[in-house]
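Thanks for making the time this morning. I would like to take you through one structure, beginning with the surroundings of its ligand and ending with a single strand residue.

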Amino acid sequence: MKVRKAGLKDIERMNKLLYQVAGVHSKGRPDLFREGKKKYSTAQLEKILADPMRPVFAAVDDEDVMWGYAFCVFQQHNGDGLLTDIKTLYIDDLCVDESCRGKHIGSLIYEEVKKFAKENGCYNLTLNVWECNPSAMAFYKAMGLVPYKTGMETIL
Ligand SMILES: CC(C)(COP(=O)(O)OP(=O)(O)OC[C@H]1O[C@@H](n2cnc3c(N)ncnc32)[C@H](O)[C@@H]1OP(=O)(O)O)[C@@H](O)C(=O)NCCC(=O)NCCS
């Protein structure tokens with residue numbers, strides 16, 4: 001397994017994994033996430049893949065078939081009155097095919113993303129994780145990530 005930049009040829013596999021990650025969320029929070037939906041349409045994926053500010057990484061096998069991905073977004077608030085100019089790489093979505101989780105593909109992708117962020121002058125790497133997804137939480141903790149802000153709610 002190796003990690004490369006994702007391309008248009010990966011869209012079919014991406015769609016499959018997008019349904020899987022959305023399924024984790026709709027199972028955990030059916031009040032927030034619609035069942036059987038996914039985050040991006042194929043047209044949106046084509047746009048993302050063409051955008052240098054939104055690099056996408058793919059873990060691929062010897063046949064170049066994708067088994068995991070990380071969608072990333074460069075973020076920076078240059079000249080903001082409050083926020084500093086630091087550059088962040090935000091991990092917008094990370095998923096490994098359910099047939100091969102627990103085999104260190106997620107960590108391989110994460111380490112490549114981290115290397116890429118460092119090489120591109122980023123100060124930090126950030127992401128959001130839902131409380132209803134304890135295995136992802138355990139994975140991120142194992143990768144050395146720590147909470148930096150907390151989303152709060154009360155159901156009325
Ligand atoms: C979260 C995810 C990307 C992790 O990828 P993975 O390839 O399965 O994880 P790895 O095998 O690289 O795990 C690395 C370490 O993370 C921890 N970890 C991973 N999955 C875990 C789990 N289910 N429970 C507890 N710890 C876990 C372990 O410490 C593991 O190291 P070890 O196997 O040596 O003990 C993958 O499980 C996934 O795609 N989940 C569904 C989609 C999702 O929830 N994405 C995140 C959205 S925020």
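The residues of the shell around the ligand divide into 11 nonpolar, 6 polar and 2 charged, where Ala, Val, Leu, Ile, Met, Phe, Trp, Tyr, Cys and Pro count as nonpolar, Asp, Glu, Lys and Arg as charged, and the others, Gly among them, as polar. Please keep in mind that this is a predicted model, in which local features need pLDDT of at least 70 and side-chain atom pairs count only at pLDDT 80 or more, while totals for chains, interfaces and linings use all residues. Residues are numbered from 1 along each chain as its sequence is written.

Staying with the ligand, there are 19 residues around it, of which R101, G106, S135, A138 and A142 come nearest; a residue is near if its C-beta atom, placed from the backbone, lies within 6 Å of the molecule. At least two shell residues come from each of α1 (11-28), β4 (87-96), α3 (105-119) and α4 (134-142), and α4 gives the largest share, with 5 residues.

As for the fold, the protein chain has 4 helices and 5 strands, in the order β-α-α-β-β-β-α-β-α from the N terminus; these are DSSP runs, with helices being H or I of at least four residues and strands E of at least two, numbered from the N terminus.

Let me turn to α1. Its buried residues are M14, L17, L18 and A22, buried meaning that 20 or more other C-beta atoms lie within 10 Å of a residue's own, exposed that 12 or fewer do, and partly exposed anything in between, with C-beta atoms placed from the backbone. They cover an arc of only 140° around the axis, which puts them on the same side of α1, the arc being that of the directions from the helix axis to the C-beta atoms. The exposed residues E12 and K27 are carried by the face of α1 turned away from that buried side. The buried residues of α1 pack against α2 (42-49), β3 (66-76) and β4, with a contact taken as C-beta atoms, placed from the backbone, within 7 Å.

Finally, L127 is found in strand β5 (residues 124-127). Is L127 buried or partly exposed? It counts as partly exposed, because L127 has 18 C-beta neighbours inside 10 Å. Leaving aside residues up to four places away in sequence, L127 touches Y90 and I91.

Technical notes:
Contact = placed C-beta atoms within 7 Å.
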